[in-house]
Amino acid sequence: MKGDPRYLLSEISDSHTFFETKAGYARDMVTGFIKLNGMTVGAVANCTTVYDEEGKESEKFDNVLSAKGCEKAAEFVNFCDAFSIPVLTLTNVTGYKATKCQEKRIAKAAAKLIYAFHDMTAPKVNVIVGAANGTASLAMNNSADMTYAWPQATIGMMDPVSAAKIMYADADAAELNEKAAQYRELQNGVASAAARGYVDTVISPADTRKYVIGAFEMLFTKREDRPSKKHGTV
């Protein structure tokens, strides 16, 4: 179902099974394990909607990163990398949660998530299923070995409406809508992102399982040799 990545992860997994971890904590971020062609893969995904057993909407979230969500995902990515388990991310994020309590923690939490993905040596694949806007998108596996995007995805540094308001501050509503549409096509469209090399391939949602399996099979022999050191400081 739209907004809940658990259904997509179940759909692309072998035998349609998704094993979720820490299901009751930071529910705006989903972590867990799936099987792809017999291979165990960790999954990290943004969540905007939670449905109950009857398929009714029970919770709703903005597609933004929270401090708890970042910490939950970072710990999961570190766990997977410790056992050389590859990680798949489903990205749909536009920014950071903006509350007083979040301001105290979000910068450090987001840094932990970014560091976890960049420090990871196991294979990592990213599928942009919705939005990937601003610096928040950098935290969602921006360093992936392979990045795919659905045709309707939006990828860019700013929301088109906000960008239009900044660039054309004196424009009326009709002109702002027109400029936002132009910005969306020229800067935030998936074709524009692919032309800039931000996306490796634009794929159909129905082909997600096929492409993800192919990517992980290609990356199965991935090895990274890095300078020896004790550990990072993040």
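Is Ser15 buried or exposed in this structure? Ser15 counts as exposed, at 64% relative accessibility, where buried means under 20% relative accessible area, exposed over 50% and partly exposed in between, with a 1.4 Å probe and protein chains only. The model is predicted: local features need pLDDT of at least 70 and side-chain atom pairs count only at pLDDT 80 or more, while totals for chains, interfaces and linings use all residues. Residues are numbered from 1 along each chain as its sequence is written, and side-chain values use heavy atoms, with hydrogens and water left out.

**Serines with positive phi**

- Ser15 is found in the loop between helix 1 (5-12) and strand 1 (19-21); helices (H or I, at least four residues) and strands (E, at least two) are DSSP runs, numbered from the N terminus.
- The phi of Ser15 is near 55 degrees, which is a positive value in a residue other than glycine.
- Ser84 lies in the loop between helix 2 (67-82) and strand 7 (87-93).
- Ser84 is not a glycine, yet has a positive phi of about 55 degrees.
- Ser84 is exposed, with a relative accessible area of 56%.

**Helix 1**

- The buried residues in helix 1 include Pro5, Arg6, Leu8, Leu9 and Ile12.
- Seen down the axis of helix 1, its buried residues fall within an arc of 165 degrees, so they line one face of the helix; the arc is that of the directions from the helix axis to the C-beta atoms.
- An α-helix has 3.6 residues a turn, so residues three or four places apart point the same way.
- Tyr7 also has its place in helix 1, and counts as partly exposed at 33% relative accessibility.
- Tyr7 and Tyr51 are 44 residues apart along the chain, and their C-alpha atoms are separated by 9.9 Å.

**Helix 2 and helix 4**

- The axes of helix 2 and helix 4 (residues 106-119) come within 8 Å and cross at roughly 20 degrees; axes are lines fitted to C-alpha atoms, for helices over the stretch in contact, and angles run from 0 to 180 degrees between N-to-C directions.
- Helix 2 and helix 4 are therefore roughly parallel to each other, as angles under 35 degrees count as roughly parallel, over 145 as roughly antiparallel, 65 to 115 as roughly perpendicular and the rest as oblique.
- The crossing of helix 2 and helix 4 is left-handed, meaning that the near helix is turned anticlockwise from the far one by less than a right angle, whereas clockwise is right-handed.
- The contact of helix 2 with helix 4 divides into 11 nonpolar, one polar and four charged residues; Ala, Val, Leu, Ile, Met, Phe, Trp, Tyr, Cys and Pro count as nonpolar, Asp, Glu, Lys and Arg as charged, and the others, Gly among them, as polar.
- Ala107 has its place in helix 4 and is exposed, with a relative accessible area of 58%.
- Ala107 and Ser66 are 41 residues apart in sequence and 9.9 Å apart in space, C-alpha to C-alpha.

**Helix 6 and helix 7**

- The axes of helix 6 (residues 160-167) and helix 7 (residues 173-188) come within 8 Å and cross at roughly 120 degrees.
- That angle makes helix 6 oblique to helix 7.
- The crossing of helix 6 and helix 7 is right-handed.
- In the contact of helix 6 with helix 7, the residues divide into eight nonpolar, one polar and three charged.
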